[in-house]
Amino acid sequence: MPDSLKRLTLMQDIFGEDINDIEDLVIDTPLLEYLSIKLWARCLQVSISDYPNMVEAHLDIDQDQELVGWVLQLLKALRQTKLLDLRLSTMKCLLRAPAFELPEFSRLHNLELQIPYFNSGYLIKLLHNCHMLQVLTLHNREKFSTVEPEEPNCWTLPMKDPDCVISHLKIFEFNGYQDSADEYAFVAYLLERGPILKTLKIYAHRNLGLKYKHCIRQALSTIPRSSKTCKLKVAIGYIWYTSFPPLLVREG
């Protein structure tokens, strides 16, 4: 690949079955600004460079745990990107990887994650490394169940608020919301601690009944909001229900 390349798309369809014959792939393109990878090559080893000019990155990668090192290296190489989109396969890959230090995304404005299950602790840890984040979008792909897990993830209030939450985060969108205690506490935390939050959108899981979705809307709308202009929008069927912060009544 030419080192002057600025846009690169790597997809499984491009390689076809020949992907199994490739053992090493070199992406030495330091001027890259746009990257999209969609690969499920279990035995592929990839060598990469640093990407200081990166603007937008989309990663859909399925990799065996033994060879996950290059995916972690790629994540660090993308630390200057402004938009980062991590699909479900990539998040599964990262969550099952051995403990590693998350890179600091100093210029990241837009983060989109497809998660196999909700874990507020992991999300808070990630937000601590996204100081300038303005837009956060979550897609919870966890299988819907009416039975509580034996060891549910528990919310723990951060000892220190992530910088992005208290100074930059404007939009939060949650798709596949199942109203677990951990999910509810995380949403409440953003409402209570996000002073410049403008919009918080909730798409409840499609398997939840309409009556229950209305209960979700009512419960979330009563949470105090740090931002006096934050709109809470909950989708019920094909209708958006919007609630605004309560008006302050001046005395005298």
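Colleague: Which helix holds Ser-120?

Modeller: Ser-120 is found in helix 4, residues 120-127; helices here are DSSP runs of H or I with at least four residues, numbered from the N terminus. This is a predicted model, in which local features need pLDDT of at least 70, side-chain atom pairs count only at pLDDT 80 or more, and totals for chains, interfaces and linings use all residues. Residues are numbered from 1 along each chain as its sequence is written, and side-chain values use heavy atoms, with hydrogens and water left out.

Colleague: Is Ser-120 buried or exposed?

Modeller: Ser-120 is buried, with a relative accessible area of 2%. Buried means under 20%, exposed over 50% and partly exposed in between, using a 1.4 Å probe and protein chains only.

Colleague: And what does Ser-120 contact, leaving aside its neighbours within four places in sequence?

Modeller: With those neighbours left aside, Ser-120 is in contact with Cys-154, Trp-155, Asp-182 and Phe-186, where contact means heavy atoms within 4.5 Å.

Colleague: Changing topic, how many disulfides are found in the whole structure?

Modeller: A search of the whole structure finds zero; a disulfide is counted when two cysteine sulfur atoms lie within 2.5 Å.

Colleague: What about Cys-93, buried or exposed?

Modeller: Cys-93 counts as buried, because its relative accessibility is 1%.

Technical notes
Helix = DSSP H or I, 4+ residues; strand = E, 2+ residues; numbered from the N terminus.
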